[in-house]
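User: Hi! I'm new to reading protein models and would like to walk through this one with you. Can we take it piece by piece?

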Amino acid sequence: MDGKESWIRFQQVFGYGTTRGQKVLARLGHPDAVFGRPPAELAELNFFTPAELRRIKDAAEGSRPEEIAAFCEDYGCAILTPDDPEYPQRLREIYACPWVLYVLGSLEGLDEELAVAMVGTRRCTEYGERAAEAIAGELAAKGAVIVSGLARGIDTVCHMAALKAGGRTIGVQGCGIDVAYPAENARLREMMVGYGGAVVSEFPPGTPPAPHHFPIRNRIISGLSNGTVVVEGTRRSGSLITAGHALTQNRDVFAVPGSIFSELSQGPNYLIRQGARVADGAESVLEEYRHLIRWEPAEKELPEAEQKSLFEEFDKSGYNVEQRPGKKRAAAKSRTPGRAVQQPLPAYLTEAQQKVFSALEDGAVHTSDEISEGSGLPSHTVLAALTQLEIFGLVRVHPGRRFSL
């Protein structure tokens, strides 16, 4: 397996993109330093918990890496780790990069091309659908790789628009590489791979989709990209989590403005107030990356027969229409300030974000200075983390720029 075993075992023990795994690598440098030492020697480091030592022992003795390698070879799926030269450079630069990346298709040349993440709600409006199709299609025609999450709604529209324009598109899944989710996108996956793009996942083959996987995978969507465009979403939309990851990764954030009366424009409009660039068309995105764009049109669009087999299939089934808003959601329960908040700490947060989050767990409303004192972080770091946590939907802002969970 060319040394990939240690990375797969490391992922078994420390999960996906966790702060703890990042600390282990910062301390020891490489998974080989974990699995290449006797258990007694690891225990003497006084760095691992007893539970971690047990998991390390179980992973070292198990055959999971060999089973995964055999499956991927039969399935035609590549396994990339940070040791591989083919591993995308942009992903190496992000916090807690995916330690194992399963790839169907090709990521070749991605680091030399403009890649734009386009995300939005699954329950999109007609306006959102039209905006996504127009922007993604023109970006793809100008040579941009469109990256999204293969979900229903805006994601699907963007992938399809890129294909129709003759461009490349990459889908990042929140499940195993062999799992088509949603099931109706199985044909779309095939065409994305067949026309030079890729489907990728950090989750091992056979992993079913789970709600907590998607916020984690969103950091890969933004991490593969130069910038992220948010088309539609509420203030608590998963697309804003992707935008939060992009900010954490020092990547550009764009937002498609929408009606002040539309709940699904609240997320993008909020991002614009926070300083995101306005994406009122593809040109507003392209002008930020002129050095990466080919300005002549794509050589050819997707063949007409292929368009018919895919796009008419979705149109006929009313695929996206069924995802449009129709039912009112139950009102969120109000929270009483001052009560301790029992909210799980998301694994994808950076160390600074975790410290700020923890400083707010008493349920009280705090100023940024109080949070700085409680977390031990400088004020500029606290303010940056608060902005990111607010975009993630984890922090509430009160009058006077005070904060709570």
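This is a predicted model: local features need pLDDT of at least 70, side-chain atom pairs count only at pLDDT 80 or more; totals for chains, interfaces and linings use all residues.

User: Does Asp84 count as buried or exposed?
Analyst: Buried means under 20% relative accessible area. Asp84 has 11% relative accessibility, so the label for Asp84 is buried.

User: Now another loop residue, Ser265. What is the relative accessible area of Ser265?
Analyst: Ser265 is found in the loop between β8 and α13 (266-273). Not counting residues up to four places away in sequence, Ser265 touches Gly233, Gly258 and Ser259. Ser265 is buried, and its relative accessible area is 2%.

User: How many residues of helix α11 are buried?
Analyst: Helix α11 covers residues 213-223 and is mostly covered. Its buried residues include His213, Phe214, Arg217 and Gly223. The count of buried residues in α11 is 11 of 11.

User: Which element gives the largest share of the largest nonpolar core?
Analyst: That core has 32 residues, and Phe10, Phe14, Val24, Val34, Phe48, Ile56 and Tyr102 touch the most other members. Elements giving two or more residues to this core include α1 (5-14), α2 (19-28), β2 (101-105) and α10 (186-194). The largest share is 5 residues, and it comes from α1.

User: Which residues does Val24 touch, not counting residues up to four places away in sequence?
Analyst: Val24 is one of the residues that touch the most other members of the largest nonpolar core. With residues up to four places away in sequence left out, Val24 touches Phe10, Phe14, Gly29, Val34, Phe47 and Phe48.

User: What are the edge strands of the open sheet?
Analyst: The open sheet has 9 strands with mixed pairing, in the order β1-β2-β6-β5-β4-β3-β7-β8-β9. An edge strand here pairs on one side only.

User: Last one: what angle does the direction of helix α12 make with that of β7?
Analyst: Helix α12 (residues 238-248) packs on the sheet, where it touches β3 (115-119), β7 (227-230) and β8. Its direction and that of β7 make an angle of about 155°.

Definitions and conventions
Residues are numbered from 1 along each chain as its sequence is written. Side-chain values use heavy atoms; hydrogens and water are left out. Buried means under 20% relative accessible area, exposed over 50%, partly exposed in between (1.4 Å probe, protein chains only). Helices (H or I, at least four residues) and strands (E, at least two) are DSSP runs, numbered from the N terminus. A nonpolar core is a set of buried Ala, Val, Leu, Ile, Met, Phe, Trp, Tyr and Cys residues joined through side-chain atoms within 4.5 Å. Contact means heavy atoms within 4.5 Å. Two strands pair if DSSP finds at least two bridges between them. Axes are lines fitted to C-alpha atoms, for helices over the stretch in contact, and angles run from 0 to 180 degrees between N-to-C directions.
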